[in-house]
Amino acid sequence: MSDTHYDCLIIGAGPGGLTAGIYAARAGMKILLLERTSVGGQILVTDFIENYPGFPKGLSGWDLVEAMKSQAEHFGVTIENQEVISVDFTGPVKKVNLPDKTLTATSVIIASGASPRKLGVPGEQKFIGKGISTCATCDAPFYRGKVVAAVGGGDTAVQESLYLTKFADKVYLIHRRDQLRATKILQDRVFANDKIEILWDSVVTKVDGLFGLDKVFVENVKTGATRELAVEGCFMWVGILPNTDFLGDAVAVDEGGFIIADARMQTSVPGVFVAGDVRNTPLRQVATAVGDAAIAAVSAEHYVEQVKS
Amino acid sequence: MAEGILEVNDSSFDSDVIKSDKPVLVDFWAPWCGPCRAIAPIVEELAAQMGDKVTFAKCNVDDNPVTPSKYGIRAIPTLIVFKGGEVMEQITGNVPRTKIEEALKKAL
C-alpha cells in the first residue's frame, strides 16, 4: 500500500477525535488525525468544565484540550490541519478527499462534531462578530457594563448566561418555552441571579442596528405581544447541527442528520465508525465523546485486524 | 511572541498596519479566549508560508481597546485583512485555513 494509505483516518480533533487518536496509536495502527479548523472543537468555547471526572476543581475547555492534545502527541499521533471535502466509502478501501489530494484508509472514524445552530432571523448574518455571538468566554468582556440578550433554555444557554453576568449589567434570557431544559443545579443558579431576566414563551424575530447590533425584536408565542429590547449583544445557544456536509449520503443518518451507529460505534458502512457530538446520541458531553471514541478506536482496530488476516 | 508575527498596539496601529506598503493580516485576540489560542498556530503557519508578501500581526484586545472598537469588533477571534489602510475582509470565529488563504489571495 502507498504512503498515503492508513489503517485508520480520524476526521476531527475535538475530545472525541483526540481520544480515538490516543487509543488507535497505542494499538499500533498507522493513523492520521485531520482537523478542519483548530484542534479542540466546540469545547474550546467552554469557560469552565465542572463535570468531567478527575478534575475536582474544574478546568477550562482550552486546558482540557491542551492536555488531550499533548497526550495524543506523546503517543505519536500526527494532526494535520486539513479540511475533508468529500469521501467515498463504497469500496473496501475508504477514500477521503482533501483539497489537494486523496488519502485512503482501511477504516475511518468520523468525529467531526457539531456547530451551533443559527436562528435564521433577519439581521443575524450581518451582525456576526458585531453583536451576534455563540461564545461567551470569547466575547463577554466586550459587554462590560452593557445589556445583552441570550437565546435558549438548555444547559449551554443557562451556563453561558451566568458567565455573561460577570461582565454585563443585565442579561435577558429569551426562551421559547415556559420552563428551562437545563439541569437543576444550573436552573437554581439562574433563578438566584438578579442580573438575569427570563422572557418565557418568547422567540427572537429580528435583530437590527446602526453600526453594530443595538436592537433585538422579541415575540411572545402565546400572546403574540412584541417587544423591542435595547441590547448591544445577542448570544445564541439554540442547539447544534452535525458537521456532516463532506459526507454526502455516505453513511446513514437520523432525521436530524446525526450519524446512526451500533453499540460498537460502527455506522451503516463496515469499517466506518463514529464518535462524539456528530453521532445520534442522547447526551453530548466531553465524557460521552471520549467514551464513544474509545469504543470506536478499538472497533476500528478489530476491523483492521480482520481485513488484514 | 511567535516568530514572524508583529505585535501591534493602539499607538503603533497606524504606522504598522494602516500605512504599511504590504497587505496586513491582523489577528485580534485575547488570552482569555480559547478559540483565539487555538487559531494562533494556523496564523503562524500562514505567516511562515506567506510572510514575504503579507505582514502578519496580532493585536491583544485586552490591552488595546481603541482599535477593536474602531472596527466594530465585538467578537474574537477576528481576523482583518488590510490593504492600503482599507479593510479588505473581516473574518470572525474559528474558520478553516482555506478561508483565510482565500482572503489573503484577494488582497495580493
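How many salt bridges does the rule find across the interface of domain 1 of chain A and domain 2 of chain A? The rule finds 1 (a salt bridge is a side-chain nitrogen of Lys or Arg within 4 Å of a carboxyl oxygen of Asp or Glu) across that interface. A:E50 and A:R189 form a salt bridge, with their closest N and O atoms 3.4 Å apart.

The model is predicted; local features need pLDDT of at least 70, side-chain atom pairs count only at pLDDT 80 or more, and totals for chains, interfaces and linings use all residues. Residues are numbered from 1 along each chain as its sequence is written, chains are lettered from A and ligands numbered from 1 in the order in which they are written, and side-chain values use heavy atoms, with hydrogens and water left out.

Chain A splits into domain 1 (5-116 + 240-308) and domain 2 (132-236). These bounds come from an automatic or database domain assignment. The C-alpha centres of the two domains of chain A are 32 Å apart. Contact (heavy atoms within 4.5 Å) involves 6 residues of domain 1 and 7 residues of domain 2. The two domains bury about 550 Å² between them, with 44% of it on carbon and sulfur atoms. Buried area here is the accessible area (1.4 Å probe) that two parts lose on being put together, summed over both. On the domain 1 side, A:V45, A:D47 and A:E50 lose the most area to domain 2, together 70% of what that side buries. Polar contacts between the domains number 3 residue pairs, both residues at pLDDT 80 or more. A polar contact is a pair of N or O atoms within 3.5 Å; within protein, one must be able to donate a hydrogen and the other to accept it, and residues adjacent in sequence count only if both atoms are side-chain atoms.

The interface of chain A and chain B was treated likewise. Here 23 residues of chain A are in contact with 22 residues of chain B. The area buried between the chains is about 1900 Å², and carbon and sulfur atoms give 58% of it. A:W62, A:N81 and A:F142 supply 29% of the area that chain A buries against chain B, more than any other three residues. Polar contacts between chain A and chain B come to 7 residue pairs, both at pLDDT 80 or more.
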